[in-house]
Amino acid sequence: MAGGGEGRRKKPNILITGTPGTGKTTMATALADSTQLRHINIGDLVREKNLHDGWDEEFECHVINEDLVCDELEDAMDEGGNIVDYHGCDFFPERWFDRVVVLQVENSVLFDRLTKRGYSQTKITNNIECEIFGVLLEEAKESYPEQIVVALQSNTIEDVARNVETLSEWVRNWSVPLPV
Ligand code: DAT
């Protein structure tokens, strides 16, 4: 039996999470292309709709207002067919997601990506530590049923292609009725 509320929605909701720089947006964009599901980048949404309580100088990011974000997404998530992309996962309602993907990368790869992004030394160190300690995988396992959480490597472009193919197949199978 599948878990995570399967069968309640016509199309599934997928959460793609992981440390910044692990490739969430890259993967979510490719998966949305392949499946025609809707890609929701929470960081962009927060900026566009001002769903935050200002700028955090220490962590160099917006302080997102989790209640406003959840209110904003409620209808779309009820409807289904969304790929949500965010570097956190513990404040979304558990019932929203049918699959939770945690992207992981090697430290040296993450270091190069975050350096290219122009992050400060502190921000790079914080994010590498987050990856080393597996913070997002832990958070996902604590927040969602174990059987819907999957950790995937995203070091190379080949990894993206393979992960998108695997997940697209899973999405295609979502609406196939079980034999009677
Ligand atoms: P995130 O959304 O997790 O912050 P991103 O999708 O913006 O990450 O990717 C960060 C950078 O790394 C970007 O320049 C694209 C590149 N990248 C992402 N996934 C990759 C992969 N699997 N192989 C090679 N490069 C990748």
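The residues of the shell around the ligand comprise three nonpolar, nine polar and three charged members, where Ala, Val, Leu, Ile, Met, Phe, Trp, Tyr, Cys and Pro count as nonpolar, Asp, Glu, Lys and Arg as charged, and the others, Gly among them, as polar. The model is predicted, so that local features require pLDDT of at least 70 and side-chain atom pairs pLDDT 80 or more, while totals for chains, interfaces and linings use all residues. Residues are numbered from 1 along each chain as its sequence is written, and side-chain values use heavy atoms, without hydrogens and water.

In total, 15 residues surround the ligand (a heavy atom within 4 Å), the closest being G21, K24, T26, R117 and T156. Helices α1 (24–35) and α7 (157–174) each supply at least two residues of this shell; α1 gives the most, with three residues. Helices are DSSP runs (H or I, at least four residues) and strands likewise (E, at least two), numbered from the N terminus.

Polar contacts are pairs of N or O atoms within 3.5 Å. A polar side-chain atom of T26 lies 2.6 Å from an oxygen atom of the ligand. For R113, a polar side-chain atom is 3.4 Å from a ligand nitrogen atom, and a backbone N or O atom of N155 is 3.4 Å from a nitrogen atom of the ligand. Taken alone, the ligand exposes 550 Å², of which the protein buries 73% (Shrake-Rupley method, 1.4 Å probe).

Elsewhere, Q36 has a positive phi of about 65° although it is not a glycine. Q36 is placed in the loop between α1 and β2 (38–41).

Definitions and conventions. Polar contact = N/O pair within 3.5 Å; in protein donor to acceptor, adjacent residues only side chain to side chain.
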